[in-house]
Amino acid sequence: MARIAVTDGMSAKAVEMLENAGHEVVLRHYDPDEISSGSLAGFDAVVIRSATKLPAEQISASVSSNGGIRFIGRAGVGVDNIDISEATLRGIVVCNTPGASTRSVVEMTMGHLIASTRNIATADRTLRNGVWAKKQLRGSEIGGKRLGLIGFGRIARGVAQAARSFGMVVHAYDPFVENAIEGITMHDSVDEIFSNCTHISVHCNLTNETRNLVNTERISTMPGIGADGIDCGNHIVSCARGGIVDEDAAHQALESGQLRSLALDVFESEPLGPSPLLNHDSFHGSPHIAASTLEAQARIGIEMASLLIEFFDSGKTSTSLNF
Ligand code: MLT
């Protein structure tokens, strides 16, 4: 029997699977100070989402001379909140659930793209304030425009498929994708995405190379005129990771009009505190909920519970990020 700490929540079905397999599940959030003082060392495994951070010092505080965690489960995709090298050094297996939330994040990205180009949030706000802003809220279509995808993994491919069904012309840049992909114009540099596309969606990981990748200089090269000749302005969406879009630069671009809309589900610092973006009508925000659907969380929970059961039954997993 293993003791499993679940710090950022898990579906009831997944907890039931683990308990039926004989494991003890403790559902409780531990703050960084508690983790630093060894609160996780009494567990065999920990399952986190993005709210719990496990840098090197937290991982070393979670192992002890007579045990401690042997498995870190990331219930979701991004692993920028885990020091995987430190985990590997200590023999701790790290697993995520890379495909389980794809459809939810694709839908959220398309939702933000359409909401921001059609001013849906502003329309709702003004309507509630008793203003019938029919004349002021003219948007632009996404059909006939160039959509640039930065990163071309599972989610970006889903977005490409959905965007093409709306008539968008899809461009992409991903240094890890070598093959040509039918219907997609692949580029050799991220700069080419900015200079060609009026609409951009971010789908890469947060790394030292991608931090502030969306910055003043690059935004200033976006064309503003759609492939169909319409003055649709420039639009950026990110449901990937905070820190990839330079929020100050994006705010300045909204102020200057170089960006006509910005939609972010993820922020450099979460939860988002006071931010000038929140005063801007052309900013559409959400609190990191792209993967927060009933369906994605159910799939993530079942996949994670299966990995944990496999690991504690056999000492290994069929898929892991480091072993
Ligand atoms: C993920 O990486 O899976 C998503 O950003 C969702 C999350 O972290 O909660």
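Student: At what angle do helix α1 and helix α11 pack, and how far apart are their axes?

Tutor: This is a predicted model, where local features need pLDDT of at least 70, side-chain atom pairs count only at pLDDT 80 or more, and totals for chains, interfaces and linings use all residues. Residues are numbered from 1 along each chain as its sequence is written, and side-chain values use heavy atoms, with hydrogens and water left out. Now the helices. α1 (residues 12-20) and α11 (residues 294-314) pack at about 15 degrees, with axes 8 Å apart. Helices here are DSSP runs of H or I with at least four residues, strands are runs of E with at least two, and both are numbered from the N terminus. Axes are lines fitted to C-alpha atoms, for helices over the stretch in contact, and angles run from 0 to 180 degrees between N-to-C directions.

Student: Why is α1 called roughly parallel to α11?

Tutor: Set the value against the classes. Under 35 degrees counts as roughly parallel, over 145 as roughly antiparallel, 65 to 115 as roughly perpendicular, and the rest as oblique. The angle is about 15 degrees, so α1 is roughly parallel to α11.

Student: Which residues make the contact between α1 and α11?

Tutor: Contact means heavy atoms within 4.5 Å. α1 gives Lys 13, Ala 14, Met 17 and Leu 18. α11 gives Gly 301, Ile 302, Ala 305, Ser 306, Leu 308 and Ile 309. By class, that is 7 nonpolar, 2 polar and 1 charged residues. Ala, Val, Leu, Ile, Met, Phe, Trp, Tyr, Cys and Pro count as nonpolar, Asp, Glu, Lys and Arg as charged, and the others, Gly among them, as polar.

Student: What makes Ser 62 count as buried?

Tutor: Buried means under 20% relative accessible area, exposed means over 50%, and partly exposed is in between (1.4 Å probe, protein chains only). Ser 62 has 0%, so Ser 62 counts as buried. The residue sits in the loop between α3 (56-61) and β4 (63-64). Beyond its neighbours within four places in sequence, Ser 62 is in contact with Ile 35, Leu 40, Ala 41, Gly 68 and Ile 69.

Student: Is Asn 119 buried or exposed, and how do you know?

Tutor: Its relative accessible area is 19%, therefore Asn 119 is buried. Asn 119 lies in the loop between α5 (102-117) and α6 (120-128). Its phi is near 55 degrees, a positive value in a residue other than glycine.

Student: Why is Gln 258 given the label it has?

Tutor: Gln 258 has 25%, so the label is partly exposed. Its loop runs between α10 and β13. Gln 258 and Ser 220 are 38 residues apart in sequence, but 6.7 Å apart in space, C-alpha to C-alpha.

Student: What makes a set of residues a nonpolar core?

Tutor: The members are buried Ala, Val, Leu, Ile, Met, Phe, Trp, Tyr and Cys residues, joined through side-chain atoms within 4.5 Å. The largest such core here has 27 residues. Ile 200 and Phe 194 are among those that touch the most other members. α8 (190-196), β11 (199-202), α10 (247-256) and β13 (261-264) each supply at least two residues. A second, separate core of 23 residues includes Ala 2, Ile 300, Ala 305 and Leu 308.

Student: Which residues does the cis peptide bond join?

Tutor: Glu 270 and Pro 271, with omega about 0 degrees. Pro 271 lies in the loop between β13 and β14 (283-285).
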